Amino acid sequence: MRYEIFGDTLPAVSCYLEANESMITERGSMSWMTPNMKMETTTNGGIGKVFGRMFSGEALFQNRYTAMGSRGMITFASSFPGNITAFQITPQCPMIVQKSGFLASESTVELSIFFQKKFGSGIFGGEGFIMQKLSGNGIAFVEFDGNVVEYELAPGQQLIVDTGYVAAMTASCSMDIQTVPGVKNMLFGGEGVFNTVITGPGKVYLQTMPIPQVAGALRPYFPSGN
């Protein structure tokens, strides 16, 4: 498979498949395709995977698109201003991504829930800490909100990040949740109660415009219901 990412603030990716090659996506991200692309809605892993996706808030089923008989083309578009990044997933290099970040991938990429090492991370970290793990072997396309900033962390090196800004990281990194120090800071600092602490080694991908932050900034300007 070859691909082309294009567009500025609202990007898309066109994937050119050989005969019988397949792509998967978890939501209605398909924008256009050639007539020989066959769609099949599937659990992609059985009932266990369905319940896992339900637990993480993702779609229960996946759409599989296959080029039938000859080469085919399919395009997936982003749902929010930002970037689309391609990751080469290998057994040695799985990725952890935010649950809304997965756009599409080759069918040889597997999706599963990423469980935090500490149970409290998932409970107190909020929606941004229910994440997905991309494993297997193939190319996966991940959607970022706003621009992408990359950091390469050395072993033991840490980065403190506000909720929602962690978009992806290599599975070699670890994640924990820490409370903001000081009651006054938590109540009046305006930065929330919890921060994410990422520890290397590995790469961290941050996004500059998380959707929840954008929604919160716009909320005061929306008319209140009666």
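Modeller: Let us start with how elements are named: helices, of at least four residues, and strands, of at least two, are DSSP runs that are numbered from the N terminus. Please keep in mind that this is a predicted model.

Colleague: Is F222 buried or exposed?

Modeller: The general idea is that a residue counts as buried under 20% relative accessible area and as exposed over 50%. F222 has a relative accessible area of 52%, so F222 is exposed. Together with L218 and Y221, F222 makes a nonpolar surface patch of about 390 Å².

Colleague: Which strands form the open sheet, and in what order?

Modeller: For reading a sheet, two strands are taken to pair if DSSP finds at least two bridges between them. Here six strands form an open sheet with antiparallel pairing, and their order is β11-β12-β9-β16-β19-β14. Because β11 (109–114) and β14 (148–153) stand at the edges with a single partner strand each, one side of each is left without a neighbour in the sheet. On average, and with direction ignored, neighbouring strands of this sheet are turned by 20 degrees against each other.

Colleague: How many bridges join β14 to β19?

Modeller: Six bridges join β14 to β19, which covers residues 202–207, and the two strands run antiparallel. As an example of how residues face each other across such a pair, E150 stands opposite Y205 in β19.

Colleague: How many of the residues of β10 are buried, and which strands pair with β10?

Modeller: Strand β10, residues 102–106, is mostly covered, since five of its five residues are buried. β10 pairs in the antiparallel sense with β3 (residues 22–25) over two bridges, and M23 has E106 in β10 as its bridge partner. β10 also pairs in the antiparallel sense with β13 (residues 138–145), over three bridges, and there A104 stands opposite F141.

Colleague: What share of the contacts join residues at least 24 apart?

Modeller: If we take the contacts in the protein chain between residues at least 6 apart in sequence, 79% of them join residues at least 24 apart.

Key. Residues numbered from 1 in each chain as written. Predicted model: local features only at pLDDT ≥ 70, side-chain atom pairs only at ≥ 80, totals over all residues. Heavy atoms only, no water. Patch = residues over 30% accessible without salt bridge, like charges linked within 9 Å, V, L, I, M, F, W, Y side chains within 5 Å. Areas by Shrake-Rupley, 256 points an atom, 1.4 Å probe, with all protein chains shown as cover. Salt bridge = Lys/Arg side-chain N within 4 Å of Asp/Glu carboxyl O. Buried < 20%, exposed > 50% of the residue type's maximum accessible area, 1.4 Å probe, protein only. Axes fitted to C-alpha atoms, helices over the stretch in contact; angles between N-to-C directions. Contact = heavy atoms within 4.5 Å.
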